[in-house]
Amino acid sequence: MLCPKYKEFLKWVVYQVYPRSFYDSNGDGIGDLKGVTEKLDHLKDLGVNAIWLCPCYKSPNDDNGYDISDYMDIMDEFGTMADIETLIAELHRRDMKLIMDLVPNHTSTAHKWFQESRKGKDNPYSDFYYWYDEKPNEWKSVFRGSAWEFDPVRGQYYLHSFAVSQADLNWENPAVRKAMQDVVDFWIGKGVDGFRIDVIDRISKDIEHGRNSFGPRLHEFIRELIGRENVNALFTVGESSVNDIDEMIRHCASERNELSTLFLFDHMECGRSDKFTPKKDSLKSLRDILVYWQMESGKHDLLHTLFSDNHDQPPLISRIADDRKLRYESATDMAAMMYLLKGIPFIYQGQEIGMTAAHYDSISFFNDVESVNTYREFCEIMPEEEALAKINFGSRDNARHPMAWDSSKNGGFTTGEPWIALHSRWQEINLERDLAGEHSVYRFYQALLKLRRSEEAFITGELQIISSPEDPYFIFTRSESGKQWVVVCNFETKQEISLPFACEAPVLSNLDRTEINGTYSPYECAAALVKDAC
Ligand code: TEU
Ligand code: CA
């Protein structure tokens, strides 16, 4: 039985905002906090009741905010502390929540802590980072190249798991752990309702034995940071490369006073053999992974997250469905498949209008440090056009181009020059155009989220898988207090579907079905109440 706190979190429907690309309120071409506040009614109308705000702290933006130079101040481009206080107040006034993005593993090298630490071994910040006379191993950065950088000021090497300007904090140092507790307490004091915690698996390492994540003190550190009463009452979701149920239990079982839940990434590998290499795939592989975790999490009263996209991933629709001829059908079918299962829905900005992967014909369009570094490495071993094709496929910028609100200049994102080019299909895919269509992804999301919040079965109800693993479609039911709902999600081929129980007419359908049984078009989906449920 889920604990009461987790049952409460199941009512949350979270919208992830990448503020740099959401809405620019002052015409400087960069999205900002006032822009988020101005669009809250759009989110409220969509039916979400919480936002996960990607980092808005002071940052040089080498990694677009994940390189933080002051955790307790707002980056100049996004506005001021007063703007975030207004956003929090406006969210709460609408009975919406704010999840802040906490980045505890590393700071920008522009952070005061690093600037002090590099001065030498006899200052209070000396051991805030990992310093070695020589590289202790051959670790690589996630963003290519060595993970060890020689600092001429200190005369030693420091660790950076990501960009050179993102120095890993030394969590073995109790002063680092206390400093991060102060950051968390500062934002709780501002009224935030939870935290998404960046690469939490990396805060404990074992450099001597070659472990750059899941080190021996990981759960001790998580409990010390998150287990404190004022934090543990809040919603906390960790970003981690956990991929087995035992580790998920160690992180998220309610009695452990660690995290509320985790983002699991198994399904993010659908449609690719590696981050920059496509693989033919379909919704079937997504279904099989979702079903595995739904069953596993259900056995252990764990809270699950339901997401297909985020700011690091090219839209999944472009990898495993049809984002051209059947884009509306694919986007809505995937939403029904994902967000009526057990767990907390996380919707990434643009999903609600069926946004797809971009396609740029020059590397000059790309901003992401990982993409630029990777392109440079690829060009050393393959022709440029092949390198560009791989970057177009795997780049995180596919998810970071500005939100297209309407068909006006720059998609209504800014009256200035956007910091990064809009999506190459923004005139086709924008909110205004979507709403004007006979079929609208946005209206389907609204109807789906309305059904979900109005029916307890979709929030805490029991899940039963009706389709079998070899079926080229996904059928499941959700049951609670004698009411049972069935959800049918067809995949890419036309199928005859006939359920073994009687149903009312569908209340949710992406192609206006009036019967739950019958011929399903590719990517057609529907949900209906089961008659005389047991
Ligand atoms: O990403 C952690 C991470 O390693 C994966 O998401 C992925 O491998 C990475 O994005 C490269 O593809 C988190 C943030 O979500 C990401 O935006 C940051 O760049 C990274 O940490 C460093 O803070
Ligand atoms: Ca702006």
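The legends below describe close-up views of a predicted model.

Local features are given at pLDDT of at least 70 and side-chain atom pairs at pLDDT 80 or more, whereas totals for chains, interfaces and linings use all residues; side-chain values use heavy atoms, without hydrogens and water. Residues are numbered from 1 along each chain as its sequence is written, and chains are lettered from A and ligands numbered from 1 in the order in which they are written.

**View 1. The open sheet of eight strands with parallel pairing.** The strand order is β13-β12-β11-β5-β2-β1-β17-β16. Strands (E, at least two residues) and helices (H or I, at least four) are DSSP runs numbered from the N terminus, and two strands pair if DSSP finds at least two bridges between them. The edges are β13 (261-263) and β16 (305-306); each has a single partner strand, so one side of each is left without a neighbour in the sheet.

**View 2. Pairing from β5 through β11 and β12 to β13.** Four bridges link β5 (residues 97-102) to β11 (residues 194-197) in the parallel sense, and Leu102 has Ile197 of β11 as its bridge partner. β11 and β12 also run parallel and are joined by four bridges; here Phe195 is partnered by Thr236 of β12. Between β12 and β13 there are three bridges, again in the parallel sense, with Val237 opposite Thr261 of β13.

**View 3. Burial of strand β12 (residues 235-239).** Five of the five residues of β12 are buried, that is, under 20% relative accessible area with a 1.4 Å probe and protein chains only, where over 50% is exposed and anything in between partly exposed. In a regular strand the side chains alternate between the two faces of the sheet. Phe235, Val237 and Glu239 point one way from β12, while Thr236 and Gly238 point the other way.

**View 4. The open sheet of three strands with antiparallel pairing.** The order is β7-β9-β8. The edge strands β7 (131-132) and β8 (148-151) each pair on one side only. β7 runs antiparallel to β9 (residues 156-159), with two bridges between them, and Tyr132 is opposite Tyr157 of β9.

**View 5. Packing of helices α6 and α7.** α6 (residues 174-189) and α7 (residues 218-226) meet at an angle of about 40 degrees, and their axes are 9 Å apart. This angle makes α6 oblique to α7; angles under 35 degrees count as roughly parallel, over 145 as roughly antiparallel, 65 to 115 as roughly perpendicular and the rest as oblique. Axes are lines fitted to C-alpha atoms over the stretch in contact, and angles run from 0 to 180 degrees between N-to-C directions. The crossing is right-handed, meaning that the near helix is turned clockwise from the far one by less than a right angle.

**View 6. Helix α10 and its N-terminal cap.** α10 (residues 283-299) has 17 residues and spans 24 Å from its first C-alpha to its last, close to the 24 Å expected at 1.5 Å times one less than the number of residues. At the N-terminal end, a side-chain oxygen of Ser282 lies 2.9 Å from the backbone nitrogen of Lys284. Among the buried residues of α10 are Leu286, Leu290, Val291 and Trp293.

View 7. Most residues other than glycine have a negative phi.

Technical notes:
A polar contact is a pair of N or O atoms within 3.5 Å; within protein, one must be able to donate a hydrogen and the other to accept it, and residues adjacent in sequence count only if both atoms are side-chain atoms.
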